[in-house]
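The points follow the display below.

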Amino acid sequence: MTSEKKEWPLWEVFVRSKAGLDHKHCGSLHASDGNMALHMARDVYTRRLEGTSIWVVRSDQIFASDPGDKGMLFDPMESKVYRHPTFFELPESVNHM
Amino acid sequence: MSGKLNPSIQISKDSSVRYLLGIADLCLIHAQRLGEWSGHAPVLEEDISLTNVALDLIGQTRALYSHIAKLERAEHDEDQLAFLRDERDYFNPTLVELPKGDFAHTCLRNLAVSTLLSLLWDGLQKSNDAEVAAIAGKAVKESLYHQQHAADWCARLGDGTEDSARRMTLALNSLWPYIPELFEATAEDLAARASGLGPAWADVEGSWRTEVDQVLEEAHLAAPAAVAFRSHGRRGRHSEHMGYLLAEMQYLQRAFPEGAW
């Protein structure tokens with residue numbers, strides 16, 4: 001397919017809604033470079049005051065775990081309750097943990 | 001329905017009213033042309049960007065029209081000012097009523113208009129009319145973004161492929177004769193400068209040329225030589241395109257008086 005070469009690369013967009021919170025993934029878009037991707041992200045994903053900061057990352061730069069490996073990677077954690085810090089007696093003065 | 005069209009309103013001859021109408025009409029007519037891209041822009045993301053710009057401009061127009069209506073004391077509202085004037089009572093420069101052309105034309109005109117507006121709004125923040133100063137304070141941020149977006153595209157297209165550079169050159173040659181009109185001193189401009197209402201458009205010409213030339217240089221383009229032709233939209237004498245634009249824009253309010261949704 002020759003048209004594939006003319007297509008702009010895909011970018012993943014992360015928006016931080018408030019100072020202090022973390023950037024959250026909110027979608028993706030096509031753009032020719034990072035600067036354009038930022039402009040587009042501003043116009044597409046922050047139209048309703050959703051953001052105070054934007055990150056964009058080339059989608060092909062993200063290494064993702066294989067859904068097929070889900071069993072091997074994550075299932076063993078199910079039975080390891082001792083990894084949760086729930087066996088400590090907290091002093092009275094500590095209200096919320 | 002009576003079949004009778006909604007008649008035109010008469011606007012005040014007050015120079016402050018006409019000065020502010022000039023800026024509001026610049027925003028409205030530019031937005032009307034940008035709106036024509038809705039559903040037709042080269043890519044989805046840019047479609048949304050252009051529509052956002054148009055909506056920002058309509059917001060600026062509405063704020064000014066509402067204020068103008070108060071200054072006029074003629075019981076006009078923003079809708080009547082937008083939709084029920086005759087062609088000669090619109091004071092936008094001819095530049096913004098020209099057909100939208102291709103994407104290069106649109107980007108170049110966006111650059112010209114957003115640079116002008118960001119400079120005008122900047123000056124208007126110091127207006128002696130507190131309401132105008134407040135509108136300007138909000139609008140200047142929008143215009144600065146519009147300018148950056150347009151500058152970015154102009155540089156990309158001018159410094160892009162052979163075809164995009166050719167289209168930018170064509171756009172420059174066809175739009176540049178309409179630039180001098182922006183900076184001609186009108187009686188309303190001089191009165192506004194004297195009263196402290198706002199800057200004469202001519203006052204921002206130097207900054208406009210510096211900022212636009214910088215983008216053109218980045219785009220490997222050069223402004224064409226000056227020509228003797230002058231357009232006169234700001235004085236209410238419009239091009240042949242204005243009538244068609246107004247017919248489309250005004251049709252609903254003319255045919256269905258006070259129609260609302």
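1. The model is a predicted one. Within the largest cavity, α4(B) contributes the largest share of the lining, namely four residues. Each of α1 (15-35), α2 (44-72), α4 (103-124) and α5 (130-158) of chain B supplies at least two residues of that lining.

2. The search returns two cavities of 30 Å³ or more. The largest cavity holds about 80 Å³ of space, and the second largest cavity holds about 40 Å³.

3. The lining of the largest cavity consists of B:H30, B:L34, B:V53, B:L57, B:N110, B:V113, B:S114, B:L117, B:H146, B:H149 and B:A150. In terms of residue class, six of these are nonpolar and five are polar, with no charged residues.

4. The second largest cavity is lined by B:H30, B:R33, B:L34, B:W37, B:K100, B:T106, B:R109 and B:N110. Two or more of its lining residues come from each of α1 and α4 of chain B. Its lining comprises two nonpolar, three polar and three charged residues.

5. As to charge, the lining of the largest cavity has no charged residues, whereas that of the second largest cavity has three.

6. Turning to the interface, 13 residues of chain A are in contact with 13 residues of chain B. The two chains bury about 1200 Å² between them, and 53% of this area lies on carbon and sulfur atoms.

7. Which residues form the salt bridge between the chains? The rule finds one salt bridge across the interface of chain A and chain B. The partners are B:R156 and A:D33, whose closest N and O atoms are 2.9 Å apart.

8. On the side of chain A that touches chain B, the elements giving two or more residues are β2 (24-30) and α2 (34-45) of chain A. Of these, α2(A) gives the most, with seven residues. By class, this side of chain A has five nonpolar, four polar and four charged residues.

Terms used. Residues are numbered from 1 along each chain as its sequence is written. Chains are lettered from A and ligands numbered from 1 in the order in which they are written. This is a predicted model: local features need pLDDT of at least 70, side-chain atom pairs count only at pLDDT 80 or more; totals for chains, interfaces and linings use all residues. Side-chain values use heavy atoms; hydrogens and water are left out. On a 1 Å grid over the protein atoms alone, a cavity is a set of points where a 1.4 Å probe fits but cannot get out, and a pocket is an open set with protein on both sides within 12 Å along at least five of seven lines; lining residues have an atom within 4 Å of a point. Grid points are joined across faces, edges and corners, and a volume is the space filled by probe spheres set on the points. Ala, Val, Leu, Ile, Met, Phe, Trp, Tyr, Cys and Pro count as nonpolar, Asp, Glu, Lys and Arg as charged, and the others, Gly among them, as polar. Contact means heavy atoms within 4.5 Å. Buried area is the accessible area (1.4 Å probe) that two parts lose on being put together, summed over both. A salt bridge is a side-chain nitrogen of Lys or Arg within 4 Å of a carboxyl oxygen of Asp or Glu.
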